[in-house]
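Have your viewer ready and try each task before reading its solution.

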Amino acid sequence: MKLRLAVLWIAVGIPLAWGVFKTLQNALKLFQ
Amino acid sequence: MSSAFLDRQSTAAEPGFNRFLVPPAALAVHLSIGQVYAFSTFNLPLSKLIGLTQTAPGDWNLKELGWIFSIAIVFLGSSAAVFGRWVERVGPRKSMFAAALCFGGGFLVSAVGIHLHQLWIIYLGYGVLGGCGLGIGYISPVSTLIKWFPDRPGMATGMAIMGFGGGALIAAPLSVLLMAHFKTATSNGVLETFVTMGVIYFMFMMIGVISVRVPADGWKPAGWTAPAQPKKLVTTANVAVEAAWRTRQFWLLWVVLCMNVTAGIGVLGQASPMIQEMFPGRVLPLAAASFVGLISLFNMGGRFVWATMSDYIGRRDTYMVFFVLGIVLYATVPTTGHLGSIPLFVAAFCVILSMYGGGFATIPAYLRDMFGTYQVGAIHGRLLTAWSVAGVLGPVLVNYIRQYQIDNGVPKAQAYSITMYIMCGLLLIGFLCNYAMRAVNEKYHYRVPTTAERVPS
């Protein structure tokens, strides 16, 4: 059950983290 | 896929099932359908399908293309309202599967439209079919999450609906990446991107279809008991969707959601030109795009933070904060323009957009508090028609009033002031409706028919 929990959260967490990272990367240009 | 696998009975959780497996299932659906907020990424490439580098005769214009998003949002609201009861009846797995078919299929049908260069096929594909996928997908995990998290319904639904905000953050760079990858000398890659995204989103939504579970009847989290003294605006009774539709509370909540969304959505759509026009020469298009990204992050984060907070301070008080703070911030925006303070302007809009997202994420738990868990998904579906209305009202208010001001000689930097004060007025209406909220009259409560009532003598 713990493995299933980890796999599922990673499956949704990685794309979300990537999207947040790309957005933050662009947002930083506002302060440059 | 076997029909039995999709049935509600097959979705029942096994003993010892960890309820924290359900939020990622909901997120898989919401992260996918949240792509709709990033649809504008395709508008420019779609307007150059023939000319490739620039719009050529026969290419679609941006005005025509803008309808794809609008149709999708209208069908989001209407399909959520129409299919709400069906979603409640068949359970989350079958409805998530239907949403995956519609949303993924919408991309594929649109790809045919791109190939044949027929815009109406895209309207039908992404707009109608995809829009139905959006509506069904949006409401499908809501009542399941509320049943799994009776102790923290705001946090649970906030987590899922946060995914809808986060979907755009993924889809925007993904679309750009795919179009660049598929670009050739004879194609700008948008057709191939549609096919790829249709397949990716269908598969990603299937993660939710496979992993979602419903709790057994009467299931409660270990060690948790419902409070003996329920809070003032938290019912222990249930109201069926057909009865809820007739209550004063439903329509008060409808206006509350509509006002909160109208205030936010108009700004979200105009954020880039607004910051450039309010600070002429100081904010360039690239920085404006960064501003849009930043407020999108707050839109997403606000969904989780505010909805979670609502579990502690109550749903009505959370909305009170949205409306009071919203009025103060909107009223401050023209001053930030006069002062020329970009940081204050950005900070104000970050908080405003966090409350826009928070409004969406808190509403399912508010509905559960008012109408119980019985048909909360279906009631939520009907309430989302407020979103469709706000989706038209918000941008119209911002765009038309701005244009009217400019046509009457007001400098562009000051053209948004009246709009901001109108937004304050809308939020005041929302505040009054929220203030008027009372518990639902007992005559609307759902009761299971007795044997005598079921079998007339």
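**Exercise 1. The two chains**

How many residues of chain A are in contact with residues of chain B, and how many of chain B are involved?

*Solution.* Keep in mind that this is a predicted model. Start with the pairs across the two chains: 18 residues of chain A touch 22 residues of chain B. Next, sort the chain A side by class: twelve of its residues are nonpolar, three are polar and three are charged.

**Exercise 2. Two domains in chain B**

Find the domains of chain B, then work out which elements of domain 1 face domain 2.

*Solution.* Begin with the bounds. The domain assignment puts 5–9 + 11–211 of chain B in domain 1 and 241–440 in domain 2. Now place them relative to each other: their centres, taken over C-alpha atoms, are 23 Å apart. Then count the contact, to which domain 1 of chain B brings 29 residues and domain 2 of chain B brings 30.

For the elements, look for those giving two or more residues to the domain 1 side: these are α4 (62–90), α7 (142–148) and α8 of chain B. Of these, α8(B) contributes the most, with twelve residues. By class, this side of domain 1 of chain B has 16 nonpolar, nine polar and four charged residues.

**Exercise 3. Helix α8 and its partner**

Decide how α8(B) and α12(B) are oriented relative to each other, and list some of the residues that join them.

*Solution.* Helix α8 spans residues 153–182 of chain B and helix α12 spans residues 285–313 of chain B. Their axes come within 8 Å and cross at roughly 175°. Angles over 145 degrees count as roughly antiparallel, so α8(B) and α12(B) are roughly antiparallel to each other. On the α8(B) side, the contact includes G154(B), G158(B), M162(B) and G165(B); on the α12(B) side, N299(B), R303(B) and F304(B) are among the residues. In all, the contact of α8(B) with α12(B) has nine nonpolar, nine polar and two charged residues.

**Exercise 4. Neighbours in sequence**

What are the angle and the handedness of the packing between α13(B) and α14(B)?

*Solution.* Take helix α13 (residues 315–339) and helix α14 (residues 342–371) of chain B: they pack at about 160°, with axes 9 Å apart. That angle makes α13(B) roughly antiparallel to α14(B). Their crossing is left-handed. Among the residues that meet are F322(B), L325(B) and L329(B) from α13(B), and I352(B), M355(B) and G359(B) from α14(B). The class count for this contact of α13(B) with α14(B) is 13 nonpolar, eight polar and two charged residues.

Notes:
Residues numbered from 1 in each chain as written. Chains lettered and ligands numbered in written order. Predicted model: local features only at pLDDT ≥ 70, side-chain atom pairs only at ≥ 80, totals over all residues. Axes fitted to C-alpha atoms, helices over the stretch in contact; angles between N-to-C directions. Helix = DSSP H or I, 4+ residues; strand = E, 2+ residues; numbered from the N terminus. Parallel < 35°, antiparallel > 145°, perpendicular 65-115°, else oblique. Left-handed = near helix turned anticlockwise from the far one by under 90°. Contact = placed C-beta atoms within 7 Å. Nonpolar A, V, L, I, M, F, W, Y, C, P; charged D, E, K, R; others polar. Domains from an automatic or database assignment.
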